Amino acid sequence: MNTMQSLPLLQNALTVGAILFSLGLVGILTRRNLIVMFLAAEMMLQGISVSLVAWSRYHGDWGGHVLVIFVLTVAACEAAVALVFVLQAFSRTGRLDAAAWQSLREANVGRTIDHELPAIDTVPLRFPTLTPAGVLPPADENEPLQREHV
Amino acid sequence: MQEFSPSTLLVLVPLLPLVGAILTVLLGRTLGAKAHLPAMAGIAAAAVVAIALLVATARDVGPAHGAHAEAVRPVEMISTLWNWASFDAAYTPPAGSPATDARLTPRDLAAAEDVRSFSIPVALRLDPLTATMLTIITCVGLLVAIYSVGYMHDDPGYPRFFALVAMFVFSMSMLVAASNFLLVYVFWEAVGACSYLLIGFWFTKPEAARAAKKAFLVNRVGDFGLAIAVFLLWMTYGTLDFHDTISSNGVIMPGILGQTRLADAAGYAGGAVGTAICLLLLLAACGKSAQLPLHVWLPDAMEGPTPASALIHAATMVTAGIYLITRSAPLFAACPGALTMVSIVGATTALVAALIGTVQNDLKRVLAYSTISQLGYMFASLGTGTLLGFTAAIFHLLTHACFKALLFLGAGSVMHAMGGVIDMRRFGGLRRVMPITAATFFVGAAALAGVAPFAGFFSKDEILAALHSKGWPSAHGDHHAAAAADGPFQLVAFSTDAAHATVTAPAVGLDALDRPETWQILFWMSLVTAGLTAFYTFRAVFMTFTGPTRVPEGAHGHGGHDDDGGHGGHGGHEFYESPSAMTWPLMILAIPSALVGWLLFSTNWLAHFLSATPSLTAPAVAATATPHVFHMNLAIQGTLAAAIGIVVAAIGHLGRRSDGPQLERFLGPLQTLFANKFYFDQIYSALIVKPLEGLALVAALFDRHVIDGTVDAIAGLPVALGSIVRRSQSGLLQRYALVGVMGVLAIVVLLTWQLRG
Amino acid sequence: MTPLPFDPLASGPLLAGAVLATVASLWLLLPNGRDTTSARWLGALLGLAALAAFIATGRRLGGLGEEAVFLIVSLVAVISAAATIVSRSPVYAAIWFALSLAGVAGVLLVLGAQFLGVATIVVYAGAILVMFLFVLMLAQPAGLAPYDRVSNEPFLSALAGAVLLGVLSLSIGRLSAGPASCCDLPTRATATVDTTAAPATAPVATVVDPLAENHVARLGGELFGRHLVAVEAAGVLLLVALIGAIAVVSRGEAAHAAEATTAKGPAAGRIAAR
């Protein structure tokens, strides 16, 4: 890699970072699932990390690398704390919906309700299955069934 | 006195009461019933120092030389403590004012060039006038403080009272010791504040709170006059200092009352500006000394504790106006019209207040109107503008301080014994149950009424003489020869010789008032007032102390002398006399009330002493010096007037029940007029208070509806706008985030656009 | 290495087209309730077109091998990222995200950040992502939840993201190798290269990556040398986050136990029972 030109590499890497950042932003803004929102946030962080490392490479300075390490650290902390809050929120509403938390709205503004929801996803989801092995355990009628969808 | 420099001692006089006041405030709760100690110690020490200063000053003045007045060397000592404020190039002398007047010497012009910096040195002065005033203030203050130990002993505000009294003594000492008009103004306000706080001492009583407010507001009118006067003085003279100062380059800058200007015959502004200054000073003095038309606050001020009334509203603070005019004597001497106004105001006040006093049934109110009346006397005397007039006023101030404090403390003693009752119709014959109070009160009353040889007789006689000498100048014209011929006891013939009424220059405006006819009227008014004074004083004495002994329900006796156990006091055998802390000041004050007049008059000590005051050595004042004589015929007239008054009072009240029919019923409608105090309060209410209240109502409505409406409308604008924007507040987190991102994006796009190429 | 007949970075139409294609592609792909396969295909095609436009605006690197490697890893990263945000199922999204992380790690490796590339895989894919999946398993209801099938303002959001991308690309294209105005770094060989002026005739200036030699050891030295305090602070931050997460969970459960009986929804009941 030593023969690479520095400035084009920087520009290309920055472009990759910008694309990742923008996609993450769009994800944050659109997706209603709290978990996916967090994934999008992490994606934005990835874009930043790529840009930082690219600049670090360009300038021959360690600062970018060090910053990315801290970004990793903070991302880990953020994920830990935020997931806890997501769980708490889920346990209160039974949903992972960001729009479930609307009570900050003005008193005279009505609740936003999703219209034109598709009935049920028509595309069946297929998950890989393991080959059954051993003896089938006896079925318990009271035990809730395994979910077929995730 | 050589061990202590007088300047150090002079600082101690105000400082010690101040320290006492601060200590009382700090330690008041700790000391409890002994809270009077710091204040009293401070005032007592200040009194000792003040007497020492008086002696030292008297030594400087030198002994009096017989009956002949001669030019006295002015005595003053200035002690500059620090420079309070200093600004450069603050003053540019206006064209035509004395500072740039061609009459001034080149040295003065050089000084005027140099004077153009504004500095307020905190300077104290010691001269005969200040020494006299300091002695009166501290001594009366000390006696009142001692008296208050008994009078206030079970009051919850005990420490507060003594702190205020000490604070007042400090302020008043500074007022008379300050050597600068601005400092005078500061402490003029300070004594007003102390007065306000002491009138409203029992602030839970609505009458007291209202009286305090009234006193404060009425005093504002006078203070306004003083403030304008100070401004005018600054514009006219370029300085506010009394004394000469020496600038850094060695030029003498003449103070308003300094030796340089005093020696200059034309050093003081006459005409419109001078008259305006003098009239404004007179307005200030009227406010503080309760003269017509600003006298209305003093009778109401009697709602305060009686010791405070004695100290502030009889003996000391109300004399601040006398002090101010005496101090400004050279200013007034340049404006004869203003001087005449002083006398007119004084004599009118004296007569009106005396008339009102004749029908009052409240013992303290009688004394209050008497105070107004006597202060009017002093103003009338000051207005003559002669050395005799000024010294007589201060003489009367001194004797009045003694006997009026005595009378007030006596009234307080009565009130204390009667359980707070002060209406003379509800008690009587108290001389049998309160012998000490009765005796001392009688001495004070005799002094007030001008009965020879009590103190008031001599000072009143001098005032009448001063007025007489203006009304009939020919009778006093060749006084030197007459004095040589007749000795000290000179018979003055009445004369209405109109020849002396002609003035050398055609007088205009107010100056036209300065005619012998005016002074003759004023003299007769004063003489009538003397008779009225004697009447109402002895009416009060007879109603309170003679007749069948009666005390109101609720009075607290101190155990009967016999065993009949009669309650309520109709038996008259219970002993109601006040505690010794209250009777001792009475007895002490009774001595000067009886003797000080004769002592000071016969030796002529006070007049000689005061004539060394720099203000009174101004040529215009000093030239009017007259030999010290006893005006026998005036004394006869005065005594006659007093005797008539006493006799009428005796006819009406001696030995009668005080709640019986009164003599005044013969006055008919006049009695209604007097009892309603000439309707001053009603007139003020109709002319000033009600219109102002209407104006305030209009302003309040304007404020509430126009201004508040505008503000509310402006405040409603964001609300209206917000109600539009509010619909976008969906509570959806991502929508908020989208809007934020779009905002950031707009900025980024704009920046990229600006930074293109 | 043949230069294009025009400077691709200065070509506004290309960039504008890329932005428009991005908007359309994202709008079609994002969950919007239609869920028609044709729309998805159209969106995917548009997305690929936009990607091609961005590749066209990219700079040529030093050699074909490097270019190919960079292109592959970045394409993996970007395409998986797009798939992450358009996946209906959060589980798929997480798996796509893992793939995207692998691509990012490749990009980092290309950039010479060997340690960071590995750390990204280990920390993100190995730890954080697994945690996401655990939470998903705990909280995701059976089947596709309604809120996974709709998006919040898809068009405006896609527009905002695409415009941001366009602006950033424009700025990146304007970068030149002139003396950096923002930094006072010592002038290196790269600073003299002006690719826009004469990219063909000038000899290809190669530069030795100053960070490549003894990379991990020197990064460690840098971390525990100049940035020791920050490292310690980061450690404290981790500890605080750990304690905070535990505290929130325990307190939240205690508070939630009381209302467990009245809680709505099967998931809430299940959490409480556990």
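Modeller: Start with a helix pair in chain B. On the H18(B) side, the contact uses B:Lys460, B:Ile463, B:Leu464, B:Leu467, B:His468, B:Lys470 and B:Gly471. They meet B:Pro516, B:Trp519, B:Gln520, B:Leu522, B:Phe523, B:Ser526, B:Leu527 and B:Ala530 in H21(B). Contact here means C-beta atoms, placed from the backbone, within 7 Å. Helices are DSSP runs of H or I of at least four residues, strands are E runs of at least two, and both are numbered from the N terminus. By class, the residues of this contact are 9 nonpolar, 4 polar and 2 charged. Nonpolar covers Ala, Val, Leu, Ile, Met, Phe, Trp, Tyr, Cys and Pro; charged covers Asp, Glu, Lys and Arg; the others, Gly among them, are polar.

This is a predicted model: local features need pLDDT of at least 70, side-chain atom pairs count only at pLDDT 80 or more, and totals for chains, interfaces and linings use all residues. Residues are numbered from 1 along each chain as its sequence is written, while chains are lettered from A and ligands numbered from 1 in the order in which they are written.

Now the geometry. H18(B) spans residues 455–471 and H21(B) spans residues 516–545. Their axes come within 7 Å and cross at roughly 155 degrees. The two helices are therefore roughly antiparallel (angles over 145 degrees, on a scale from 0 to 180 between N-to-C directions). The crossing of H18(B) and H21(B) is left-handed, meaning that the near helix is turned anticlockwise from the far one by less than a right angle.

Next, the interface with chain C. Here 10 residues of chain B are in contact with 10 residues of chain C. The chain B side has 7 nonpolar, 2 polar and 1 charged residues.

Confidence comes next. The model scores ipTM 0.79 and pTM 0.63. Among the elements of chain C, helix H4 (residues 90–110) has the highest mean, 91. Helix H9 (residues 266–273) of chain C has the lowest, 43. Residues 263–274 of chain C stay under 50, with 16 contacts beyond four places in sequence.

Last, chain A. Its secondary structure is 3 helices and 0 strands. Of its 150 residues, 47% are buried (20 or more other C-beta atoms within 10 Å of the residue's own).

Conventions: Parallel < 35°, antiparallel > 145°, perpendicular 65-115°, else oblique. Contact = placed C-beta atoms within 7 Å. pLDDT = per-residue confidence, 0-100. Buried ≥ 20, exposed ≤ 12 C-beta atoms within 10 Å, placed from the backbone.
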